[in-house]
Amino acid sequence: MSIDPVVVEIVRNALTSAADDMNATLIRSAYTPIIYECGDCVVALLDDEHQVLGQSAGLPIFLGNLETCTLATEQRFGREVWQPDDVWILNDSYLGGTHLNDVTIFGPVFVDDALVGFTATRAHWIDVGSKDPGGSMDSVNIFQEGLRLGPQKLVEGGREVAAVIDTIATNVRFPYPTSGDMHAMIATIKMGQARLAEIVARWGLETVRAARDEIFAQTERLEREVIRNIPDGVYRAEGFLDNDGVDLTTPVPVKLAITVSGESLEFDVTESADQTVGPVNCGTAQTVSACRVGYKLLVSPDVPGNGGSFRPMSVRVREGSVFGAQAPAACQWYFSHLGLLIDLVAKALAPAMPERVAAASHGDSMIVLLAGRDARHGRDYVSLEATLGGWGAWEGSDGESALINNVNGSLKDIPIEVFETRYPFRITEYAIRPDSGGAGRWRGGNGVVREYVAQQDCTVSLWFERSTTPAWGLFGGSDAAPPEVVINHGRPDERRLLKCNGLRLKAGDTIRCMTGGGGGYGSPAERDDAAVRDDIADGHVSRERAAAVYGA
Amino acid sequence: MSRYRVSMDIGGTFTDVVAYDEETGRYRATKASTTPHDLTEGVFAALSTLVPQPNDISFMVHGTTQGLNAFLERRGVKVLLLATAGAGDTYHIARGPRMRLYDLHYRKPEPLLPLRDVVEVGGRFDPTGAELAPLDEDAVRAAAKRYAAEGFGAIAVAYLFSYANPAHELRTRQILEEELGDGVTVSLSHEAAKEWREYERTSSAVVEAYTGPVIRRYLARLEDSLEDRGLQVPLHVMQSSGGILRASSARRSPLQTLLSGPVGGAMGGVALAEALDRPNMICVDMGGTSFDVSLVVDGKPDISPEAALEGLPMLMSVVNIHTIGAGGGSVGWEEAGGLRVGPRSAGAAPGPACYGRGGVEPTVTDANLVLGRIDAEWFAGGELTLDVQAAERAVAGLGERLGLGTVAMAEGICDVANAKMAQAIRTITVSRGIEPREFTLVAFGGAGPMHAVFLARELGIGEVVVPRFPGAFSAWGMLQTEIRKDFVEPYFHVDEDLDRADTARRLAAMADEGLRALADEGVPESGRRVEHAVDVRYVAQEYTLTVPVHDADEPTREDFVEIVAKRFAQLHEARYGHANPGAPIEFVTLRTTAFGDLGRAETERLPEGGAEFPHRVVPVVFGGEPRDTVVVRRDDLVRGHSFDGPAIVVESTATTVVPPGFTVSVDAIGSLLVQDKEK
C-alpha cells in the first residue's frame, strides 16, 4: 500500500515519543538511584515480528537486545503463548546476554484480539541474591551470582502471579526497593501497551504497518549510504583485558575482524578468548548489542534506532567464548570486555573513516567500593563509585578529560562534600591527572587523580582495568597512560594494585587512584605551538613532557 | 497624581509595555523596537502612548534578557576563580557525565573560564565546619596581584564546605578588597548558593561573577535614566524565582536576575489560573524560533531549586520553563525519502521564505501562510509584509520531492509540527505524573495561539485560553507578582539525630532575616509574610523534595519528624508515583521565603457587548479542503461574543487559528475561550 509521507512522519514521531514516555514513566517511578539517577535501563516498542518500532536512548550497552527476549520466549513456548494482559520477566544471562542484575520485563500488545506487538524494558536491580551484596568481582560460576529466571509470567490476565513475585522477594537482599523497581517496570510496560494500542487504533493496523515499512526503509537507506563509502576489505583490531578478576596473571584477548563488502558489514569476534573462570563473560545477545553500539557511534549516531537499523550488519560469535558464554560461566562483570570491543570497532575502521572515529578512551568503570561501620553514628555503609577518565582525540579536537566511560551512560561523580558527610573519609585531592592523555596533533583527554584518606578502619575493593591495553592513539598519536592505584603512597608499606576484594585498611591509610587518559590523534610534531602553551598553562601537560614530546 | 502600574519586558528585538490605570481599572499594552544604545529611548517611545508623564507612574517592574544574552553570547567579564587546594579542578571536572550517549566526539559544556584562571588556595574545613587547615592569606594576596596585572573583571571564590563555615570565603573578600579596593566584584559561593555540592555551587558563583558586572551596569544605567526622565518610584526587577525585587537589591545578587525575561509569562499563567478559577494549566509560549512550556499545578508556579544554562548548573529558585526546539521558523525538509520538520530553524535570518530575506526552505510560518491561516497584511501588526508567492514556491518545492501538492504539503508540515510539539508537552507532563487531559492550555507569544488548538486536540485537552495581549503576556504577568527573597541554610541531619529546638531557632532567625529584607524593599508591615520549608529525602536518595513547614515553631512539636515524613510521603507519591512510608528520611536544607505584597493590578472585568461583530468569511484550508472561515479582528470582540470554528482571530501581536469542531467565546476578562464541542 502506498502511504502519505505526512502520516509516515507523524507515526514515526508517535512511536519514538511513546518510547520516551515509557522511559519517563520508568525513571519517575523507579525506587533505586541506579535507574533514576544513572539511567541503567532501556525501553522499547516492538512489532509482532519482534522488530523495534521505537526505543529510548537508554544505556548504550543495552542497544537493541530487548527483541531477543520476546523472540526467545516465543521460540521456547510457541506463538500462542502470548495472551492479552500478561506481563513476562526474564534475567537469564545466556538469553538476555548480560548479568543477572539486568532484569527484562515485557508484554504483548493486543488490539481487537490481534497481537500487534510488544513493549519491553530492562533495568538494573541492585541485588538479585548473589554471594556478595549487589554482585561480586570474583564469582566463578553463575550459581554464585544469584536468582536466574527463564521467561515466565509475572502478570497473568491482569493479575499478578503471587508465587513468582514471592519467590523473587525471598531471593533478593533488598525486597522492598526491588519490588518498587519491579512495579515501576510493570507500570512502564502497561503504559507502553496503552500507547501502542492507541496508535494502532487511531491509524489502523494496515496504515501503521505500511508506515513501519517506510520508516525502516528510510533508516536502512541512511545507514547503507554511509557504509557504501567504506572501501571493501577486512579491518582488524585487538586488545587485552588485564585479567578475568580471578586469575590475575593471564590477560584476556579480544579480537575483532570487520569485513566490509558493498553495503554490508560483518563483525567477527570468534578469535577472542575462551570463556573465563572469572566473571568477564557475556551471552551472545549482549555481544551483538556492543557491536551495534560501535556501529551506531560511527554510522548513525543521530538516527533514532528502529527495525531498519543494523540491517546491513551481522555478528559472528563463537559459543563457549567470552562473547558467547555457555552455562555455567560467570557473567557478573559482563561489560569490561564489551567496552573494549566497542572501542576496537573505531580502531578497526579508523583507516576507512578517519574523520568519524576517535582514539580510544580510558575504557572501563574503574570501580572503588568502600565499606565499614561509621563510628560517628554506628551505622554500616557501602559506597560504590565509578571513577572518571580521559577520552580519545579526533580529527579537529582534543579528547575530553575526566569523563565517565561508555557503559555508564550519564553517571555523575560523588561530590567531595557529599562523600565526606556520608562516609568516614577525607578526599585530599581530586584533580585532572597531567600527562595521562596520549600526545598528538590532537591531544587525548586526561584521567583523574582521586585520593582518599580513611578516617576509620574499613575495607576496599577495586576493579581498575586496561593497564595491558591502555587507550591507544591513532594516525601517529601516542597511547595514553594506564591506570594506577597506590595504597599508602610514599610510606614503607606502600603497595600498588588494580584489583582486590575486601582489602582491610586502617585509619590513616590512603588510597590514591589514578585513571588512564584517552589516546592522541595525529603526530605530536604537528601540534600547534599555541595549543602546547595552553596545555602547559592549564596544567594538562607538564613542562618536561612538553619539551620531550612536543619540543616546546 | 501617580496612578499607573507599569511593566516592561525588554527583549532583544521588541520592548513590550503594559500599563494598568488604578483609577479606571483598565489595562493597555503596546510595543516598540528595543533601542540597544539607550534602552530608555525604546521604553519611553512605548510608554508615552500609554502614560502621560513619568511621574504618573506609581509602580514599575521590568524583566530583562540582558544578563542571559551576555551569557549566551559569551560577552561576560574575565573571571578569576579561587578554589580549595587539592580541589581546584572541580569546575572543569564538572562531575563527568556524558549527556549525549552516542557521541564519540562528546565535549563537556564550555566552561566560562579556562583552567589556568583557577588559583588554588590552602585552607580546609570538615563537613561540620570545623577548621582543619587555616586560610593561606598569602595565596589570596598573590591572586589579587594577578587579578590586577592580567585584566580580570571579577573574582569568584568557592571553597569546600563554605556552606558549613563561610569564614575563609569572607576573609578572602576582605583581603581582596584591601588589595584591590571596594569596587572589585567578588562573588562568594556561599552567598551565590548556600548549598552543598561543590561543583554546582562553584558554577553558580562563576556564572554570577561572569554576568554580574553586565547586569549591574545595565540596571544602574536604566535606573539613572529613568530617574532623569522623572520616574519617582523605585524600579523593580523580575527574578528567576517568579518574584520581584528592587533594582537596588537585584544588583547585589545579580544571579537571581539571569532568567528574568521568560519567567513573566509563567507568572502570568499563575495569575490567569486564579482569575479564571482553573488551577491547572499548561502554558505554551511560541515565538519565531522558540517554544517554551511551563506548568501551573494547583494554582502554583512550578519552581525548582536548581537550573542549568547550556549545561552549566546554578543552585537557585527558578520557575521551570521547558524549551523545545520548535517555532514558526522550523524548517520542513526531506531525508531518505521521508518528511522531517525541525529541529533546524531558519531563525530570524534568513527566516521563513515569506520574510523575503533570502530564505528558500519552507518553514512552519510559510506553511501557515499558504493555508491562509496567517493574514499576510496583518502579520506582526502590519510591520512586516509577507511574500505569499515565496512561501508557495518553497512549500511546492518540497512537495514535489515527496509527491504532494502544495496545499497538502503545507498542511502536512503544520500537522507534523503540531504532533511533535504535542508529544514534547506530553513527555514533560508524563515525567511529572500529570495527565494533560485534566489541564487547560494557555497560549501566548506571537505564534502560540496559531497552533494551540491543534495541540489541545492532539493532547485530548478540551479547552484553550488565549489571554488578552497575548504578545505582551509576559509583561502583563509581571504586574501580577510580589516581592520574593529566598533564604537557604544547609542542614544535614538524619531524622533520628535531629535537634528540634535547634531547627526552630534557625527557622526563627531566617524569618527575622526575611522580614528585615522585606522592610528594606519598602513593603508595608501588613504586606510582609514568610514561608518555611525543608528539603527532605529518603536516606541515600540523591534528590530531595521541598516539604512545607507551617511556621518556625512547628519543629518544637513532639511529632514534628512524623509530620514532615507524612507530608514528604504525599509529595513523593504525587511526584514519583510511589512512597515509602516508615522509611528513614534525612533533612538536607532549610528554606525560608519572604513574600512582600506591594498591591497588585486587579484583573479588568469588561462590559458585555451586543451579539453582532464585524467579520469577513474567507476560504482557509482545514483537513485538505478550503473551508469558509470567519476572520475577525480581536479589537472588535467584546465579552459575550461567541462563534464556531473554523475561524481566525487576528490582532496586532498574534493570530489565533480555530479549526472546525471548536467554538470560541469571549469571557469577562477578555480572554478567548476555545472549547472542543465534543468535550
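T385(B) sits in the loop that joins α10 (364-370) and α11 (388-402) of chain B, where helices (H or I, at least four residues) and strands (E, at least two) are DSSP runs numbered from the N terminus. The model is predicted, so local features need pLDDT of at least 70 and side-chain atom pairs count only at pLDDT 80 or more, while totals for chains, interfaces and linings use all residues. Residues are numbered from 1 along each chain as its sequence is written, and chains are lettered from A and ligands numbered from 1 in the order in which they are written. With 13 other C-beta atoms within 10 Å, T385(B) is partly exposed; a residue is buried if 20 or more other C-beta atoms, placed from the backbone, lie within 10 Å of its own, exposed if 12 or fewer, and partly exposed in between. T385(B) and A508(B) are 123 residues apart along the chain, and their C-alpha atoms are separated by 60 Å.

Another threonine, T40(B), belongs to helix α1 (residues 39-47) of chain B. T40(B) has 20 other C-beta atoms within 10 Å and is therefore buried. Leaving aside residues up to four places away in sequence, T40(B) touches L222(B), S225(B), L226(B) and R229(B); contact here means that the C-beta atoms of two residues, placed from the backbone, lie within 7 Å. T40(B) and E223(B) are 183 residues apart in sequence, and their C-alpha atoms are 9.4 Å apart in space.

Turning to helix packing, the axes of α12 (residues 406-431) and α13 (residues 448-459) of chain B come within 9 Å and cross at roughly 60°. Axes are lines fitted to C-alpha atoms, for helices over the stretch in contact, and angles run from 0 to 180 degrees between N-to-C directions. The pair α12(B) and α13(B) is therefore oblique, since angles under 35 degrees count as roughly parallel, over 145 as roughly antiparallel, 65 to 115 as roughly perpendicular and the rest as oblique. From α12(B), the contact uses N418(B), A419(B), M421(B), A422(B), I425(B) and R426(B), and from α13(B) it uses H451(B), F454(B), L455(B), E458(B) and L459(B). By class, this contact of α12(B) with α13(B) has seven nonpolar, two polar and two charged residues; Ala, Val, Leu, Ile, Met, Phe, Trp, Tyr, Cys and Pro count as nonpolar, Asp, Glu, Lys and Arg as charged, and the others, Gly among them, as polar.

Between the chains, 52 residues of chain B are in contact with 54 residues of chain A. On the chain B side, α3 (90-93), α7 (198-228), β22 (338-345) and α12 each supply at least two residues. The largest share, ten residues, comes from α12(B). The side of chain B that touches chain A has 24 nonpolar, 14 polar and 14 charged residues.

As for the chains as a whole, chain B has 16 helices and 35 strands, and its C-alpha atoms fill a box of roughly 80 × 60 × 55 Å along the principal axes. Buried residues make up 52% of the 679 residues in chain B. Chain A has twelve helices and 20 strands. Of the 552 residues of chain A, 59% count as buried, and the C-alpha atoms of chain A fill a box of roughly 75 × 60 × 40 Å along the principal axes.
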